[in-house]
Amino acid sequence: MTKITPQPGIMEIALYVGGASHVEGVTDVVKLSSNENPYGPSPAAVEALRRSAFELHRYPSTDHVGLRAAIAEIHGLDADNIICGVGSDEVLQFIAQSYAGPGDEVIYTEHGFSMYPILAHAVGATPVMVAEKERVVDVDAILAACNDKTRIVFIANPANPTATMIDLDECARLADGLPDGALLVLDGAYAEFVEGYDGGASLVASRDNVIMTRTFSKIYGLGGLRIGWGYAPRAIIDVLNRVRQPFNLSNTQLAAAEAAVRDVAYTEKCRTDNARLRTWLAEALAGHGVPSDESFTNFILARFDSAEEADACDTYLKSQGLIVRKVGGYGLPNCLRITIGDEPACRRVAHAIGQFKGGAR
Ligand SMILES: Cc1ncc(COP(=O)(O)O)c(C=O)c1O
């Protein structure tokens, strides 16, 4: 027997499963399984990336000052309260690593993002799942589940894979009801898709127990480059920076992200196109007998009559070159999560689901 054993919790982790990107034997495939921006990043971000190639022999900045300043300027925030990471996943990891450990509890919700229990296990803490109400985060249920071991509450707002959200008053009620020593993490990976929503930044500014995380992987179309950020009280940023590697982001990541966040017009166009096609797709699917909750994101959670029907539809969509996401692992076996693609992709998926519901298998 080997004496080499991993830390407690590590072997409890189920490996993260990403969205598929190809179908055996099918060409002309459209990937609608990872909530990516179908238009790609801003051309300004691509140009900044290209130019950064001439600086590859230089180490990047350790304090991300340029990117933090750009984020602060565009979002009206204080740059000193921002931390940048390799995707928002890394910022979430800093939070778990810094604030939870063996004997502590980390709360996430019934259909919450799968990284939350993974991160809790990774630091040896106990993930505690709390029921949602009809696929919406239930603040009262979370508060009832809190105790003196609770260290972190993770919620995505808007949420993945449900696409629902709770309003800022509910977030404030949650933050204010938490026991002393517990942090509320508002994961805003999809915040930019909600017109006028600050992702919870105002709550961070007025409280000492709220952290907001954001990503460049969704509306900014830079998932392949891996950049995210967090906004938190100064004392928390100071803690998170101690576990962050000094050169966690490359020159290329920093340059592309800065150009992307500064291209406000491009982001706005992506938001309005997404909102228009999201309404169109939700109505088209409803017309085919496939309802969904109002979505605040760049995807729709399509509900089928049964898990069997959702599976059969997934198989049919694949045969048509359309890859969507099965979400049985999120406790939603009768649903499929469908990213809002460009207009031809939306029309194609609506048409194929119509054919499926009409009897094509
Ligand atoms: C709710 C939520 N949080 C965080 C992430 C991670 O994003 P990133 O690519 O910034 O690590 C995702 C990605 O799908 C997500 O859906």
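A residue is called buried if 20 or more other C-beta atoms lie within 10 Å of its own, exposed if 12 or fewer do, and partly exposed in between, with C-beta atoms placed from the backbone. The structure on display is a predicted model, in which local features need pLDDT of at least 70 and side-chain atom pairs count only at pLDDT 80 or more, while totals for chains, interfaces and linings use all residues. Residues are numbered from 1 along each chain as its sequence is written.

**Stop 1: a residue in a helix**

Select Asn241, which is found in helix H8 (residues 234-243). Helices (H or I, at least four residues) and strands (E, at least two) are DSSP runs, numbered from the N terminus. Asn241 is partly exposed because 14 other C-beta atoms lie within 10 Å.

**Stop 2**

Colour residues 10-40 and 265-357 as domain 1, and residues 43-262 as domain 2. These domain bounds come from an automatic or database domain assignment. The C-alpha centres of domain 1 and domain 2 lie 24 Å apart. Between the two, 28 residues of domain 1 are in contact with 25 residues of domain 2; contact means that the C-beta atoms of two residues, placed from the backbone, lie within 7 Å. On the side of domain 1 that touches domain 2, the elements that give two or more residues are helix H10 (264-287) and strand S9. H10 supplies the largest share of that side, 4 residues. By class, the side of domain 1 that touches domain 2 has 12 nonpolar, 11 polar and 5 charged residues. Here Ala, Val, Leu, Ile, Met, Phe, Trp, Tyr, Cys and Pro count as nonpolar, Asp, Glu, Lys and Arg as charged, and the others, Gly among them, as polar.

The UniProt record (unreviewed entry) places the feature "domain: Aminotransferase class I/classII large" at residues 27-353. UniProt positions are given in the numbering used here, feature names are shortened, and annotations may be inferred rather than shown by experiment. Over residues 27-353, the chain is 41% helix and 16% strand, and the end C-alpha atoms are 19 Å apart.

**Stop 3**

Centre the view on the ligand, which 13 residues surround; the closest are Gly87, Ser88, Asp89, Thr215 and Ser217. Helix H3 (residues 87-99) gives the most to this shell, with 3 residues. The shell is made up of 3 nonpolar, 8 polar and 2 charged residues.

Next select Lys218, where UniProt (unreviewed entry) places the feature "modified residue: N6-(pyridoxal phosphate)lysine". Lys218 sits in the loop between strand S7 (210-215) and strand S8 (228-231). Is Lys218 buried or exposed? Lys218 counts as buried because it has 27 C-beta neighbours inside 10 Å. Not counting residues up to four places away in sequence, Lys218 touches Asn35, Asn37, Ala189, Tyr190 and Asn298.

**Stop 4**

Show strand S9 (residues 299-303), where 4 of the 5 residues are buried, so the strand is largely enclosed by the rest of the structure. An open sheet of 3 strands has the order S9-S12-S11, with antiparallel pairing. S9 and strand S11 (325-326) stand at the edges, each with a single partner strand, so one side of each is left without a neighbour in the sheet. Two strands pair if DSSP finds at least two bridges between them. S9 and strand S12 (residues 335-339) pair over 5 bridges, and Ile300 has Ile338 in S12 as its bridge partner. S11 is joined to S12 by 2 bridges, and Lys326 stands opposite Leu336 in S12.

**Stop 5: a parallel pair**

Move to strand S3 (residues 105-109), which is largely enclosed by the rest of the structure because 5 of its 5 residues are buried. Glu105, Ile107 and Thr109 point one way from S3, whereas Val106 and Tyr108 point the other way. S3 runs parallel to strand S4 (residues 126-130), with 5 bridges between them. The bridge partner of Val106 in S4 is Pro127.

**Stop 6: back to helix H10**

Finally, select Leu277 in helix H10. Leu277 is buried because 20 other C-beta atoms lie within 10 Å. Leu277 touches Ile340, Glu343 and Cys346, not counting residues up to four places away in sequence. Asp342 is 65 residues from Leu277 in sequence, and the two are 7.7 Å apart in space, C-alpha to C-alpha.

How values were computed. Near = placed C-beta within 6 Å.
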